[in-house]
Amino acid sequence: MGYDRAITVFSPDGRLFQVEYAREAVRRGTTAVGIKATDGVAVLVDKRITSRLMEPESIEKIFQIDTHIGAATSGLVADARILVDRARVECQINRLIYDERIGVEALSKKICDFKQTYTQYGGVRPFGTALLIIGAEDNRVRLFETDPSGALLEYKATGIGAGRAAVMEVFEAKYREDMNMREAILLGLEALYRASEGKLDASTTEIGVIMLEDKKFRKLEESEVAEYIEMLKSQLGGEA
(Lines give C-alpha, C1' and ligand atoms only; values in the text may rest on other atoms or scores of the structure.)
Protein backbone atom coordinates (compact mmCIF):
# COMPACT_ATOMS: atom_id res chain seq x y z
CA MET A 1 0.00 0.00 0.00
CA GLY A 2 1.21 3.48 -0.84
CA TYR A 3 3.95 2.49 -3.27
CA ASP A 4 1.78 3.49 -6.23
CA ARG A 5 0.80 6.91 -4.86
CA ALA A 6 3.76 8.75 -6.43
CA ILE A 7 6.06 8.10 -9.36
CA THR A 8 9.15 8.77 -7.21
CA VAL A 9 8.52 5.90 -4.77
CA PHE A 10 10.05 2.49 -5.43
CA SER A 11 8.36 -0.60 -4.04
CA PRO A 12 10.52 -2.90 -1.84
CA ASP A 13 11.13 -5.18 -4.84
CA GLY A 14 12.40 -2.28 -6.98
CA ARG A 15 9.32 -1.55 -9.10
CA LEU A 16 7.70 1.74 -10.10
CA PHE A 17 4.01 0.96 -10.08
CA GLN A 18 2.98 4.09 -11.99
CA VAL A 19 5.21 3.03 -14.90
CA GLU A 20 3.62 -0.42 -14.85
CA TYR A 21 0.16 1.15 -14.87
CA ALA A 22 1.22 3.21 -17.89
CA ARG A 23 2.31 0.00 -19.63
CA GLU A 24 -1.14 -1.40 -18.89
CA ALA A 25 -2.66 1.61 -20.71
CA VAL A 26 -0.57 0.62 -23.73
CA ARG A 27 -1.63 -3.03 -23.46
CA ARG A 28 -5.26 -1.90 -23.64
CA GLY A 29 -4.63 0.29 -26.68
CA THR A 30 -5.13 -0.45 -30.36
CA THR A 31 -2.83 -2.98 -31.99
CA ALA A 32 0.04 -1.57 -34.03
CA VAL A 33 2.77 -3.54 -35.80
CA GLY A 34 6.07 -2.61 -37.40
CA ILE A 35 8.03 -4.77 -39.81
CA LYS A 36 11.25 -4.38 -41.78
CA ALA A 37 11.78 -5.64 -45.34
CA THR A 38 14.81 -5.72 -47.63
CA ASP A 39 13.58 -2.65 -49.50
CA GLY A 40 11.80 -0.68 -46.79
CA VAL A 41 9.91 -0.64 -43.49
CA ALA A 42 6.19 -0.45 -42.67
CA VAL A 43 3.85 0.22 -39.76
CA LEU A 44 0.27 -1.04 -39.71
CA VAL A 45 -2.51 -0.15 -37.25
CA ASP A 46 -5.99 -1.48 -36.61
CA LYS A 47 -7.86 1.70 -35.61
CA ARG A 48 -10.62 -0.16 -33.77
CA ILE A 49 -13.73 1.85 -34.60
CA THR A 50 -16.09 1.51 -31.64
CA SER A 51 -19.18 3.06 -33.22
CA ARG A 52 -20.56 3.11 -36.76
CA LEU A 53 -21.28 6.81 -36.21
CA MET A 54 -17.58 7.68 -36.04
CA GLU A 55 -15.73 8.99 -39.08
CA PRO A 56 -12.75 6.61 -39.53
CA GLU A 57 -10.60 9.41 -41.03
CA SER A 58 -10.83 11.36 -37.75
CA ILE A 59 -8.88 8.67 -35.91
CA GLU A 60 -5.17 9.01 -36.60
CA LYS A 61 -2.77 6.37 -35.31
CA ILE A 62 0.08 6.73 -37.83
CA PHE A 63 1.92 10.05 -38.08
CA GLN A 64 4.56 11.54 -40.32
CA ILE A 65 7.36 12.93 -38.15
CA ASP A 66 9.77 14.05 -40.89
CA THR A 67 10.17 13.27 -44.57
CA HIS A 68 12.13 10.10 -43.68
CA ILE A 69 10.52 9.19 -40.32
CA GLY A 70 7.06 7.99 -39.31
CA ALA A 71 5.48 6.65 -36.12
CA ALA A 72 2.59 4.48 -35.01
CA THR A 73 1.06 4.82 -31.55
CA SER A 74 -0.84 2.74 -29.03
CA GLY A 75 -2.22 3.81 -25.66
CA LEU A 76 -3.58 7.18 -24.58
CA VAL A 77 -4.26 9.21 -27.73
CA ALA A 78 -3.63 12.63 -26.15
CA ASP A 79 -0.28 11.50 -24.74
CA ALA A 80 0.72 10.18 -28.16
CA ARG A 81 -0.12 13.51 -29.79
CA ILE A 82 2.18 15.38 -27.39
CA LEU A 83 5.05 13.00 -28.12
CA VAL A 84 4.51 13.24 -31.88
CA ASP A 85 4.55 17.05 -31.69
CA ARG A 86 7.72 16.88 -29.61
CA ALA A 87 9.35 14.55 -32.17
CA ARG A 88 8.46 16.90 -35.03
CA VAL A 89 10.01 19.85 -33.21
CA GLU A 90 13.20 17.86 -32.53
CA CYS A 91 13.46 17.07 -36.26
CA GLN A 92 13.18 20.75 -37.20
CA ILE A 93 15.67 21.81 -34.51
CA ASN A 94 18.19 19.37 -35.99
CA ARG A 95 17.63 20.78 -39.50
CA LEU A 96 18.08 24.37 -38.30
CA ILE A 97 21.22 23.70 -36.26
CA TYR A 98 23.02 21.10 -38.39
CA ASP A 99 21.36 21.60 -41.79
CA GLU A 100 20.70 17.88 -42.10
CA ARG A 101 18.00 15.32 -41.32
CA ILE A 102 18.04 13.84 -37.84
CA GLY A 103 19.06 10.19 -37.45
CA VAL A 104 16.27 7.75 -36.62
CA GLU A 105 18.06 6.39 -33.57
CA ALA A 106 18.98 9.89 -32.37
CA LEU A 107 15.34 10.99 -32.54
CA SER A 108 14.13 7.83 -30.80
CA LYS A 109 16.60 8.42 -27.97
CA LYS A 110 15.49 12.04 -27.60
CA ILE A 111 11.85 10.95 -27.28
CA CYS A 112 12.79 8.26 -24.78
CA ASP A 113 14.85 10.75 -22.75
CA PHE A 114 11.76 12.99 -22.65
CA LYS A 115 9.56 10.08 -21.52
CA GLN A 116 12.10 9.02 -18.90
CA THR A 117 12.07 12.44 -17.19
CA TYR A 118 8.38 11.88 -16.45
CA THR A 119 9.28 8.82 -14.36
CA GLN A 120 11.73 10.69 -12.15
CA TYR A 121 9.98 13.76 -10.71
CA GLY A 122 7.07 14.17 -8.33
CA GLY A 123 3.85 15.79 -9.46
CA VAL A 124 3.89 14.25 -12.94
CA ARG A 125 2.85 10.91 -14.41
CA PRO A 126 4.45 8.73 -17.12
CA PHE A 127 3.19 8.93 -20.69
CA GLY A 128 0.61 6.18 -21.15
CA THR A 129 1.60 5.50 -24.74
CA ALA A 130 4.14 3.51 -26.72
CA LEU A 131 5.53 4.50 -30.12
CA LEU A 132 6.81 2.46 -33.03
CA ILE A 133 9.25 4.75 -34.83
CA ILE A 134 10.32 3.85 -38.37
CA GLY A 135 12.80 5.59 -40.61
CA ALA A 136 15.47 5.31 -43.29
CA GLU A 137 19.06 6.48 -43.08
CA ASP A 138 22.19 5.71 -45.09
CA ASN A 139 21.45 2.37 -46.78
CA ARG A 140 19.21 0.78 -44.18
CA VAL A 141 15.84 1.09 -42.50
CA ARG A 142 15.25 1.24 -38.74
CA LEU A 143 12.39 0.19 -36.46
CA PHE A 144 12.35 1.23 -32.79
CA GLU A 145 9.86 0.58 -30.02
CA THR A 146 9.63 3.07 -27.15
CA ASP A 147 8.22 2.16 -23.75
CA PRO A 148 6.45 4.38 -21.14
CA SER A 149 9.53 3.96 -18.94
CA GLY A 150 11.76 5.54 -21.60
CA ALA A 151 13.32 2.23 -22.63
CA LEU A 152 14.28 1.85 -26.30
CA LEU A 153 14.63 -1.34 -28.34
CA GLU A 154 15.26 -1.93 -32.04
CA TYR A 155 13.36 -4.72 -33.79
CA LYS A 156 13.10 -6.49 -37.13
CA ALA A 157 9.37 -6.91 -36.49
CA THR A 158 7.28 -6.15 -33.42
CA GLY A 159 3.84 -5.19 -32.14
CA ILE A 160 2.36 -3.02 -29.41
CA GLY A 161 -1.11 -2.75 -27.95
CA ALA A 162 -3.86 -5.18 -27.07
CA GLY A 163 -2.94 -7.82 -29.65
CA ARG A 164 0.82 -7.90 -29.07
CA ALA A 165 0.91 -11.56 -28.00
CA ALA A 166 -0.91 -12.75 -31.14
CA VAL A 167 1.21 -10.47 -33.36
CA MET A 168 4.50 -11.71 -31.93
CA GLU A 169 3.36 -15.31 -32.32
CA VAL A 170 2.81 -14.74 -36.06
CA PHE A 171 6.12 -12.88 -36.48
CA GLU A 172 8.12 -15.48 -34.56
CA ALA A 173 6.74 -18.21 -36.81
CA LYS A 174 6.74 -16.50 -40.22
CA TYR A 175 9.09 -13.51 -40.34
CA ARG A 176 12.01 -13.77 -42.78
CA GLU A 177 14.80 -11.25 -43.24
CA ASP A 178 14.69 -11.61 -47.06
CA MET A 179 11.07 -10.46 -47.43
CA ASN A 180 10.26 -7.61 -49.82
CA MET A 181 7.82 -4.83 -48.92
CA ARG A 182 4.78 -6.55 -50.41
CA GLU A 183 5.44 -9.73 -48.41
CA ALA A 184 6.15 -7.71 -45.25
CA ILE A 185 2.87 -5.77 -45.50
CA LEU A 186 0.92 -8.99 -46.07
CA LEU A 187 2.57 -10.58 -43.02
CA GLY A 188 1.82 -7.46 -40.97
CA LEU A 189 -1.82 -7.60 -42.07
CA GLU A 190 -1.99 -11.28 -41.16
CA ALA A 191 -0.65 -10.43 -37.71
CA LEU A 192 -3.35 -7.74 -37.33
CA TYR A 193 -5.95 -10.21 -38.60
CA ARG A 194 -4.97 -12.76 -35.92
CA ALA A 195 -4.88 -10.08 -33.22
CA SER A 196 -8.31 -8.71 -34.16
CA GLU A 197 -9.85 -12.20 -34.38
CA GLY A 198 -10.60 -11.96 -38.07
CA LYS A 199 -11.95 -8.39 -38.17
CA LEU A 200 -9.99 -6.51 -40.81
CA ASP A 201 -11.34 -3.72 -42.99
CA ALA A 202 -9.66 -1.20 -45.28
CA SER A 203 -11.51 1.75 -43.71
CA THR A 204 -10.22 0.91 -40.22
CA THR A 205 -6.67 -0.12 -41.17
CA GLU A 206 -3.81 2.35 -41.60
CA ILE A 207 -0.50 1.54 -43.26
CA GLY A 208 2.57 3.77 -43.42
CA VAL A 209 5.66 2.83 -45.43
CA ILE A 210 9.17 4.07 -46.13
CA MET A 211 10.92 2.67 -49.19
CA LEU A 212 14.70 2.46 -49.10
CA GLU A 213 15.04 3.82 -52.64
CA ASP A 214 13.57 7.26 -51.90
CA LYS A 215 13.66 7.28 -48.05
CA LYS A 216 10.29 9.06 -47.90
CA PHE A 217 7.44 8.27 -45.54
CA ARG A 218 3.93 8.01 -46.93
CA LYS A 219 0.57 6.61 -45.88
CA LEU A 220 -1.13 4.19 -48.25
CA GLU A 221 -4.47 5.25 -49.69
CA GLU A 222 -7.56 3.30 -48.63
CA SER A 223 -7.75 1.73 -52.10
CA GLU A 224 -4.17 0.44 -51.75
CA VAL A 225 -4.94 -0.96 -48.28
CA ALA A 226 -8.04 -2.67 -49.73
CA GLU A 227 -5.90 -4.34 -52.41
CA TYR A 228 -3.53 -5.75 -49.80
CA ILE A 229 -6.44 -7.01 -47.69
CA GLU A 230 -7.90 -8.76 -50.76
CA MET A 231 -4.49 -10.36 -51.39
CA LEU A 232 -4.41 -11.53 -47.77
CA LYS A 233 -7.90 -13.02 -48.06
CA SER A 234 -6.93 -15.01 -51.14
CA GLN A 235 -3.65 -16.02 -49.46
CA LEU A 236 -5.54 -17.34 -46.44
CA GLY A 237 -7.97 -19.19 -48.70
CA GLY A 238 -11.04 -17.15 -47.88
CA GLU A 239 -10.53 -17.50 -44.12
CA ALA A 240 -10.30 -13.71 -43.75
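Which residue in β8 is the bridge partner of V33? It's G159, and the views below start from there. This is a predicted model, where local features need pLDDT of at least 70, side-chain atom pairs count only at pLDDT 80 or more, and totals for chains, interfaces and linings use all residues.

**View 1. Strands β1 and β8 side by side.** Strand β1 (residues 32-37) runs antiparallel to β8, and the two share four bridges. Strands here are DSSP runs of E with at least two residues, helices are runs of H or I with at least four, and both are numbered from the N terminus. To count as a pair, two strands need at least two bridges between them in DSSP. Now look at β8 (residues 157-160), which is covered on both faces: A157 and G159 are buried on one side, T158 and I160 on the other. "Buried" means under 20% relative accessible area, "exposed" means over 50%, and "partly exposed" is in between (1.4 Å probe, protein chains only).

**View 2. An open sheet of five strands.** Follow the order β3-β4-β5-β6-β7, with antiparallel pairing. At the edges you'll find β3 and β7, each pairing on one side only. From one strand to the next, the twist averages 25° (axes are lines fitted to C-alpha atoms, for helices over the stretch in contact, and angles run from 0 to 180 degrees between N-to-C directions). Zoom in on β4 and β5: this antiparallel pair has seven bridges, and A71 sits opposite I133 in β5.

**View 3. Helix α2 and its buried side.** The 22 residues of α2 reach 32 Å from first C-alpha to last, close to the 32 Å expected at 1.5 Å a residue (the expected span is 1.5 Å times one less than the number of residues). Its buried residues are D79, A80, L83, V84, A87, E90, C91 and N94. They cover an arc of only 135° around the axis, so they sit on the same side of α2; that arc is taken from the directions from the helix axis to the C-beta atoms. Their cover includes β3, β4, α3 and β5. On the face turned away from the buried side, look for the exposed residues L96 and I97.

View 4. E90 belongs to helix α2 and is buried, at 13% relative accessible area. Setting aside neighbours within four places in sequence, E90 is in contact (heavy atoms within 4.5 Å) with I102, L107 and K110.

**View 5. Helix α3 and residue I111.** V104, L107, S108, I111, C112, F114 and K115 are buried here. Among the elements covering them are α2 (77-98) and β5 (129-137). I111 is part of this helix and counts as buried at 1% relative accessibility. Not counting residues up to four places away in sequence, I111 touches L83, R86, A87 and L131.

Notes: Residues numbered from 1 in each chain as written. Heavy atoms only, no water.
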